[in-house]
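User: Please take me through the packing in this model. I want each term set against its cut-offs.

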Amino acid sequence: LPVLRVHERPVLRSRAFACPAWTGHTPRMRSRTPALLGLLLALVVATGCGEREEPLGDDVDAYPVLVGDARGEEIELEGRPERIVALAPSVAELAGELGAGERVVGVPAGVTVRGALGAPRVTRPGGFVDVGAVARLEPDLVLAGSGTRASDLDTIARRTGAPVYVQPDRSIRDVLRAVHDLGFLLGEPARARVFAAALREQ
């Protein structure tokens, strides 16, 4: 299973910042990713700013890879995750958009993830996490949102031994960063670059 390590090591991504003036036009929404793009719409209207981050190549074999998450934790994976559980709609949809849907074995309530046909629900309406259901799926990576209770994340990490990544989402910059970081975690950095570019153009 991929393991979690916390130590000093360069994060495998490069950054270039951009903050263009907002023209008054809001992004066009694509129906297949309503939660993620809804978040982007609200953030673009509020800030008008973005961050451009590029992977270090088109065919990066990033493993082992290290990224930071919304908690300031550093998450390292030694290999490509094959049993992914997503606890929040935006990060679940993003995993599907990056081509990892077939590896998503657990999804939150009320969301459809591309490629994750038949994956059981691991949250109840209102976002309450079924920790037991997550543990029974034996994940090797857990994806969460900033609204997921810290106590649930701690329990899941303890019971499964899986790395837990919490998606940053406080700004448009955070969302674009999350696209690239998840691209590395999921082994899809080139897809992440293309998807982030498409989001910036909307």
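**Core and helix packing**

Analyst: Leu-182 is in contact (heavy atoms within 4.5 Å) with Val-91, Leu-94, Leu-98, Leu-143 and Tyr-165, leaving aside neighbours within four places in sequence. This is a predicted model: local features need pLDDT of at least 70, side-chain atom pairs count only at pLDDT 80 or more, and totals for chains, interfaces and linings use all residues. Residues are numbered from 1 along each chain as its sequence is written, and side-chain values use heavy atoms, with hydrogens and water left out.

User: Which residues have the most contacts inside the largest nonpolar core?

Analyst: Leu-143, Tyr-165, Leu-182 and Leu-186, in a core of 34 residues. A nonpolar core is a set of buried Ala, Val, Leu, Ile, Met, Phe, Trp, Tyr and Cys residues joined through side-chain atoms within 4.5 Å. Buried means under 20% relative accessible area (1.4 Å probe, protein chains only). The largest share, eight residues, comes from H5; helices are DSSP runs of H or I, at least four residues, numbered from the N terminus.

User: Why are H2 and H5 called oblique to each other?

Analyst: Their axes come within 10 Å and cross at roughly 60°. Axes are lines fitted to C-alpha atoms over the stretch in contact, and angles run from 0 to 180 degrees between N-to-C directions. Under 35 degrees is roughly parallel, over 145 roughly antiparallel, 65 to 115 roughly perpendicular, and the rest oblique. H2 and H5 are therefore oblique.

User: What makes up the contact of H2 with H5?

Analyst: Val-91, Leu-94 and Ala-95 of H2 meet Ala-178, Val-179, Leu-182 and Leu-186 of H5.

Notes. Buried < 20%, exposed > 50% of the residue type's maximum accessible area, 1.4 Å probe, protein only. Helix = DSSP H or I, 4+ residues; strand = E, 2+ residues; numbered from the N terminus.
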